[in-house]
Amino acid sequence: MSKLLQDELFLKLALNLAKKGLGWTNPNPMVGAVLVKNGQIIGTGFHKKAGLDHAEIAAIKSAKTDVKDATLYVNLEPCSHFGKTPPCADEIIRNKIKKVICSTLDPNPQVRNQGVIKLRQARIEVSIGLLNKEARRLNEAFFTFHERKRPFVAIKFASSLDGKIATPTGNSKWITNEKARTFARKLRGQYQSVLVGINTILKDNPNLGVKTKSNKDPLRIILDSNLKIPLNSDVLRDHNVLIATTTKANKKSVESLEQKGIPLITFKEKHIPIRKLLRILWQKEIISILVEGGGKVLGSFLDNRSIDKIYAFYAPILLGGESAVSAIGGKGVQTITDAWHLKKILYKRFDDNFLISGDV
């Protein structure tokens, strides 16, 4: 086996290890690490949860033999700064690791390339760029967060074949089947937060949780300009919630929610400005959002061109009706040439239901 193929093999293993942290590492990236000495793997690790050991440290601790002169394979540049944990670069140097092969630099402009510089100053050989696309894809939310200075935004909807999410009477349970709905709930665990509008809360009283012990419940974000949300709503079951509202909100509701310990973001505008909201969420280190509806909310993100990924679930039914609720509202585009085109499209079937997902 050539050296390049061997390096790819170990980096692919690091990437697969990194995936084990999906949904748990936010606002940190998913990182995996593999230690190799004399062609043999002597240690592996991944970042399990924000605040716990980074992948490089976990790999060093797992090693059954001396890591001196070993090669470290990692999908992201080792950190060089103090956060919740000490710098990984310092531990790599202290343990006299000989070489580091990483797929990509850290996108955070405050730390980008600093780990590489520190390692090279300690005369450790550093190689960057192998499996770069795969590494960026794995941590697409983390890269979007730092490069575009806003959270990564995915939207999700479930509709009939004619693009309706509810009948003219508002009936919507259930358009898709149980398998599709179970998969959709699991998607929540991949995102740091899930966002809906107040009409979804009033109509469905959703839990917005993952409902499985193996996945972490996301932060629940509610758009509620007038604060109509009932205090006994399921989404207010704990403090892992954030409500965006406006100055026209009911004052008694403001007091009641504050007494309940529910955090609010208040805007002066009549309607919640999506781009300003995303900026504030970026400042709060929310790196990813799954927007679940309703149609008006999805349309507002589309109109503001603030979408990175789409999950569209379809059931083989037709609802019809001019007053039936469309999956996406808002102003929309004026011409077909202005339409949003998906890239990197994937298809998945759930018996007679199917999912189309892709990047925008």
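Good morning. The radius of gyration used here is taken over C-alpha atoms, and the globule rule sets it at 2.2 Å times the number of residues to the power 0.38. The model before you is a predicted one. By that rule, a compact globule with 360 residues would have a radius of gyration near 21 Å; the protein has 23 Å, which agrees.

Let me turn to the overall dimensions. Taken along the principal axes, the C-alpha atoms fill a box of roughly 70 × 45 × 40 Å. The accessible surface of the protein comes to about 18200 Å², and carbon and sulfur atoms account for 51% of that surface.

The chain forms 11 helices and 16 strands. Of the 360 residues, 49% are buried. If we consider contacts between residues at least 6 apart in sequence, 68% of them join residues at least 24 apart.

As for charge, the protein carries 58 positive and 33 negative charges.

Where is T144 found? It belongs to helix 6, which covers residues 140–148. Is T144 buried or exposed? A residue counts as buried when its relative accessible area is under 20%. T144 has a relative accessible area of 11%, and it is therefore buried. Which residues does T144 touch, once those up to four places away in sequence are set aside? They are K149, R150, P151, F152 and D308. Thank you for your attention.

Notes: Residues are numbered from 1 along each chain as its sequence is written. This is a predicted model: local features need pLDDT of at least 70, side-chain atom pairs count only at pLDDT 80 or more; totals for chains, interfaces and linings use all residues. Side-chain values use heavy atoms; hydrogens and water are left out. Helices (H or I, at least four residues) and strands (E, at least two) are DSSP runs, numbered from the N terminus. Buried means under 20% relative accessible area, exposed over 50%, partly exposed in between (1.4 Å probe, protein chains only). Contact means heavy atoms within 4.5 Å. Accessible areas come from the Shrake-Rupley method with a 1.4 Å probe; for residues, only the protein chains shown count as cover. Lys and Arg count as positive and Asp and Glu as negative; His and the chain ends are not counted. The place of a charge is taken as NZ of Lys, CZ of Arg, CG of Asp or CD of Glu.
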